[in-house]
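Here are my notes on the model you sent. They are set out as numbered points, to be read beside the coordinates.

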Amino acid sequence: MGKEFRGTIADQPDFDAGSDAEALYNAMKGFGSDKEAILDLITSRSNAQRQKIRAAYKSQYGKDLIDDLKYELTGKFERLIVGLMRTPAYHDAKEIKDAIKGAGTDEKCLIEILASRTNEQIHNLVAAYKDAYGRDLEEDVIGDTSGHFRKMLIVLLQGTREEDDVVSEDLVEQDAQDLYDAGEAQWGTDEAKFIMLLGNRSVTHLQLVFDEYEKIAEKSIEDSIKSELSGDFERLMLAVVQCIRSKPMFFAKCLYKSMKGLGTADNTLIRIMVSRSETDMLDIRECFRLRYEKSLYNMIQDDTSGEYKRTLLKLCGGDDDIAGEFFPEAAQIAYKMWETSSMTKVQLRGTVRPYQNFDPASDAKALRKAMKGFGTDEDTIIDNVTQRSNAQRQEIRRIFKSLFGRVRHCPA
């Protein structure tokens, strides 16, 4: 396929399922368990490797690894580790089962999973649900939801969205017009049209439709959904639109909401960190940093504790904070100098000449060091920036960005 890997957890080289199974068995035997050893091992193996460890554990000890982990661990840490041990499809199935069992329904969970999964992931989820619980997922969703919300969930459960390379150019304008006619252009809303188009057209096609829609309606599709739809149906349709625009940004927003304010929505936090660790966690981190001016790593660190925190940070994989939470004053001054000097042609009658023995990479590293951590080393920043010519500053800026601040896959 040649697609760049954007997850944080990959296959461990020199993997040996048997010795990993033994290490986990030893970490759990006797009084109390070695939680550090358990989390270190499980977070440094891919999901496919964890399945092999689980099989080896059963054949070596005659017990199910997940059952033993549940017995030994408790609370959020247990939920996180056990979530990592399940295959993605069975993890989704368990999350949805938990969301619809009992008195209330966790609509947020249903929305997040069904709006964001690919056709193949949906088909695998439906099969895993049947296998694990002996029940039909569609029937359970029908029994637990109602109205247009239920209809859209059922459409998504079919997993029949057109594949990404399907763009019907002649249909782009027509679809945009149909969406406008179904909502903004009339009294009342034709929800069926929204459901059909947003539930079936390909991602690439719909991205073009949204651009066209904005020209016709003079407002974004999101704004129209907010004014035309309501309740869980509105929330589901907004999630679908956000996933079509950028899945990493959708998950960055969900993660931020799960941790901001008082308390933490741990189930959401666990579900996303587990399900995206081998998919697009690097992109989610970049979107998070771009949107909230704080790294995902920092937010998890501030919001969680103990082995639970350590496991989440391993799944996150790294800290993207370049200059602390916000740009300190000196950094802003330096940045402004770059900005203005890159736009202005300066006559060489000035006092700043090209610096001899110029090394942009070591300058970039020196600047990063000066802005990292608590407080800022203003002297280093001022010396560095004022003793380099404009051309050299641009070179430092380019290198700085490539070393410390890649921004990809994130809409503004």
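1. Among contacts in the protein between residues at least 6 apart in sequence, what percentage join residues at least 24 apart? The share is 73%, where contact means heavy atoms within 4.5 Å. The model is a predicted one, in which local features need pLDDT of at least 70 and side-chain atom pairs count only at pLDDT 80 or more, while totals for chains, interfaces and linings use all residues. Residues are numbered from 1 along each chain as its sequence is written, and side-chain values use heavy atoms, with hydrogens and water left out.

2. Of the 412 residues, 45% are buried (under 20% relative accessible area, with exposed over 50% and partly exposed in between; 1.4 Å probe, protein chains only). The accessible surface is about 21000 Å², and 49% of that belongs to carbon and sulfur atoms.

3. Helix α12 (residues 191-200) packs on helix α15 (residues 231-245) at an angle of about 30°, with the axes 11 Å apart. Axes here are lines fitted to C-alpha atoms, for helices over the stretch in contact, and angles run from 0 to 180 degrees between N-to-C directions. The pair α12 and α15 is therefore roughly parallel (angles under 35 degrees; over 145 is roughly antiparallel, 65 to 115 roughly perpendicular and the rest oblique). On the α12 side the contact uses Glu191, Phe194, Ile195 and Leu198, and on the α15 side Phe233, Met237, Val240, Val241 and Ile244. By class there are eight nonpolar residues, no polar ones and one charged (nonpolar: Ala, Val, Leu, Ile, Met, Phe, Trp, Tyr, Cys and Pro; charged: Asp, Glu, Lys and Arg; polar: the others, Gly among them).

4. Helix α13 (residues 203-217) also meets α15: their axes come within 9 Å and cross at roughly 110°. The two helices α13 and α15 are therefore roughly perpendicular. Val203, Leu206, Gln207, Phe210 and Glu214 of α13 make this contact with Val241, Ile244 and Arg245 of α15. The contact of α13 with α15 comprises five nonpolar, one polar and two charged residues.

5. Ser202 sits in the loop between α12 and α13. Its relative accessible area is 0%, so Ser202 is buried. Setting aside neighbours within four places in sequence, Ser202 is in contact with Arg161, Glu162, Glu163, Asp164 and Val166.

6. In helix α10 (residues 147-157), the buried residues include Phe149, Met152, Leu153 and Ile154, together with Leu156 and Leu157. The buried residues of α10 pack against α7 (107-116), α8 (119-133), α9 (137-144), α12 and α15. After α10 comes Gly159, with a positive phi near 60°.

7. Two further loop residues deserve a look. Ser33 lies between α1 (17-28) and α2 (35-43) and counts as buried because its relative accessibility is 16%. Not counting residues up to four places away in sequence, Ser33 touches Ala27, Met28, Ile38, Glu72 and Leu73. Asp280 lies in the loop between α17 (266-276) and α18 (281-292), and at 8% relative accessibility Asp280 counts as buried. The C-alpha atoms of Asp280 and Pro248 are separated by 6.7 Å, although the residues are 32 apart along the chain. With residues up to four places away in sequence not counted, Asp280 touches Arg6, Gly7, Lys247 and Pro248.

Key. Helices (H or I, at least four residues) and strands (E, at least two) are DSSP runs, numbered from the N terminus. Accessible areas come from the Shrake-Rupley method with a 1.4 Å probe; for residues, only the protein chains shown count as cover.
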